[in-house]
Amino acid sequence: MTFSYYPGCTLKTKAKDLDRYGRKAAEALGVTLEELPDWQCCGGTFSMSKDEIASKLSAVRSLASAKDKGNDLVTLCSACHNVLKQTNDAMKNDPDFSAKANNYMKLDVPYNGETNVIHYLEMLRDRVGFDKIAEKVTNPLTGKKIAAYYGCLLLRPGKVMQMDNPENPTIIEDFIRAIGAEPVVYPYRNECCGGYVTMEDKALAKKKSNKVASSAAENGADMIITACPLCLYNLNKNADESDIPVYYFTELLAEALGVKD
Amino acid sequence: MQRIGVFVCWCGSNIAATVDVEAVSEALKSEPGVVFSTNYQYMCSEAGQNMIKDAIKEHNLTGVVICSCSPRMHEATFRKTVQGAGINPYMVEIANIREQCSWIHKDKQTGTEKAIILGKAAIAKVHLNAPLTAGESPVVKRALVIGGGIAGIQTALDIAEAGFDVDIVETKPTIGGKMTQIDKTFPTLDCAACILTPKMVDCAQNEKIHIYSYSEVTAVKGFVGNFTVSIKKKARYVDTTKCTGCGVCTEKCPVKNVPNEFNLGMNNRRAIYIPFAQAVPKVATIDADYCNMLKNGKCGVCSKVCTAGAIDYKQQDEIIEEKYGAIVAATGFNPIKLDNFDEFAYSQSKDVITSLEFERLTNAAGPTSGQLLRPSDGKHPHTIVFVQCVGSRDTSGCGKPYCSKICCMYTAKHAMLTREKYPDTDVYVFYIDVRTPGKNFDEFYRRAVEDYNVHYIKGMVGKVAPRADGTLDVQASDLISNEQLHISADLVVLAAAIEPDKSARPLATMLTASMDTNDFFTEAHAKLRPVESPTAGVFLSGTCQGPKDIPETVSQASAAAAKVIGLLCKDKLTCNPCVAHSDEMLCNGCSSCEKVCPYGAITYSDKEFRMPDRTTAIRRVAAVNEAVCQGCGACTVACPSGAMDLKGFSNKQIMAEVDAICK
């Protein structure tokens, strides 16, 4: 099973663990992740301005490059996934946007959203299968009560991301079961952590992060897992009312598969 | 050669604004056979009709072309007009230059060109028109009402009152519908059961009304005045002629864990049950999915305790056939499922309920005997949040695009009654708009706000988060003070949108009645024929046509009954003479037409024909029963030899129209 892989800037700097454990776990599951040789920054956020083209072009370049490789493109960072998936959707379904982007890029063959973008979690669920993962777990995390934190970018907008029900998701809970632990369902698992607002309004970011972390703790979770580097940062630095630890989901997957060093 | 008159209507500015009516009447003047051509502001008005009559007499017209609105609007009007002037009514052709031309074009030049072409096509057709005479068909003096809620009940009572037999078919074991589940009714707050159950009893006692409860319509054949309907009487494993409704079986049945649909699953019933004490008919029904005797042959308790000997485990579904002159659809509504609205935590918390569940919780005959208690812990809630428009006026695709119309009023009722009975309770209502257009409705809502101090907040709830301590954290926005709110509530009530019952779509297919994209039945005319379906003989009553409250439903139910009575009063109906007929000399007896005919109007017989060489031959040929044929034209398309033709729409006439358009 071979996929193209888009790590993104943060996974090369602040979030090396998300990337490192993701690769190790994939290897243990018999999945080959081929890093796109010429990937660029996804753009960070998907601009809501319909006529904003420039900030989305670097995402289009990566998507077009993945099309040439011919494999589905796997992402890992929630924010990168959100930007690539939304940009791809616009290239596929917004003729005005794709015409402008193609005119600017002057590719040999125009790109019209042909690449299939999936998140690492979708790869685990739909391609590998959570049941297969459960079979390969050598070090089950039995007894651990884990709260899944989705944040806002991973599942929304639901019609474009098409990963799970954004208001009542199950994919990370099913993942937690697959690695032998017990999922803790709590109401704030799909609420915003504060995101980039931490740069200019610390108090607001603290309020948002504390709401999430306290809700997980109140419902009896030992730890929180996430797929998003920014969520991890906010929950670690800004949620100061509880000391519940936060990990990347790939770290726990690597641990369960016995490949965490 | 026909002598044709052309009359171009302006329809005020509806046509004249985008079609140069003067140019159209001028251009059509020179068409072959046209001896008179004019235009007028309102051709359908009395002055317009007189203009047509005068022209017929003055110019000895034999055919008339009217360039106006759709024939669905005024074809009948103009047929009557020309008949009044002595021409056969089927010598009129309508060129639709409004719906199919002026309303859809912006450019006057193209509109005018198209109107002229449509006029030419109609002229070409009228050249080939022949006078037709309508036959008659008898009317079966019996009506069928499908659905036994308040709409069906009112329609049936009114039809019976006029002296006609009427049958009600209801899928549930009892008639009464949604209104039986409601506690009190706005705006007068009278008890729903007190005003409904006497009507249910009236139905049962009226000798003109026959109730088929626990039954479904499975097939409909025929046409206006003469429908044949198959009704499936589902096996209830109880002989309704013997059961006295004493209820002993429902107390002794050992299967106690069946979710009680009457209380929306908030308590349980037995496998043999009577939905509620005032059920009509008051007879027991066995739920085959839960009955031990029916599932594995072990039990038989109900049979032992029944002194009337009414239990019959061997009962089978029975299909009966009945003839009706008119059919009324009264299939009603259901609240939508809330699967697409997980942000309100309906599936995650027992204390998030729908408004209909709230009705049951406050109803004296409900699961809590009318005590407002939280489903999770049976405690009295002190803070209640009502959320309106859950799935109504929704453009995201998760819910319904329309306003459900009743929610603003019943939410005001719930809020007011809660404050009245439990003054220590804080009540919040979140709304997009409060819509109270109805007699005494706005006064009612204002009472909730001003006299009962219900907190009405303009804004939507974003999330309901169940907390570990059992409270519900309601996150919402207050659009007027522009702030985010967090309310710690004990109970959240969702005003779920309403949608047509699932049985409506298959029924519409059986009736060949049209529906809109939301599966509400479409009326024949949105303003002028609101209780009739476009399919003749099919009428609409209640929420199957669109969201309505009880007063409106009852008004429409009576209106539908009036239309049915008008139909049943007639002994005979004038048939449509535009029916199919077969040319025996061309027919090769292949049966293609018989197979496609939806009305069973075509039969075959062997006939003797004289051949050119003076011998005789027996050939199998088709014949059309003109009283049954509805003129749909399916057979004319299917016929490979061209023997089948439709009067008034012959192949020659249609080809002449096509030629005129393509010229």
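1. Chain A is divided into domain 1 (2-120) and domain 2 (138-256); such bounds come from an automatic or database domain assignment. The model is predicted: local features need pLDDT of at least 70 and side-chain atom pairs count only at pLDDT 80 or more, whereas totals for chains, interfaces and linings use all residues. Residues are numbered from 1 along each chain as its sequence is written, with chains lettered from A and ligands numbered from 1 in the order in which they are written.

2. The C-alpha centres of domain 1 and domain 2 of chain A are 23 Å apart. To their contact, domain 1 of chain A gives 19 residues and domain 2 of chain A gives 15 residues, two residues being in contact if their C-beta atoms, placed from the backbone, lie within 7 Å. On the side of domain 1, α3(A) supplies the largest share, seven residues. That side of domain 1 of chain A comprises seven nonpolar, seven polar and five charged residues. Here Ala, Val, Leu, Ile, Met, Phe, Trp, Tyr, Cys and Pro count as nonpolar, Asp, Glu, Lys and Arg as charged, and the others, Gly among them, as polar.

3. Chain A also holds an open sheet of four strands with parallel pairing, in the order β6-β5-β7-β8. Helices (H or I, at least four residues) and strands (E, at least two) are DSSP runs, numbered from the N terminus; two strands pair if DSSP finds at least two bridges between them. β6 (182-184) and β8 (246-248) of chain A each have a single partner strand and stand at the edges, so one side of each is left without a neighbour in the sheet. Strand β5 (residues 145-149) of chain A is joined to β6(A) by three bridges, and Ala147(A) has Val184(A) as its bridge partner in β6(A).

4. Helix α8 (residues 171-178) of chain A packs on this sheet, touching β5, β6 and β7 (223-226) of chain A, and its direction makes about 150° with that of β5(A). Axes are lines fitted to C-alpha atoms, for helices over the stretch in contact, and angles run from 0 to 180 degrees between N-to-C directions. Helix α10 (residues 229-237) of chain A lies across β5, β7 and β8 of chain A, at about 165° to β8(A).

5. Between the chains, seven residues of chain A are in contact with seven residues of chain B. The side of chain A that touches chain B has two nonpolar, three polar and two charged residues.
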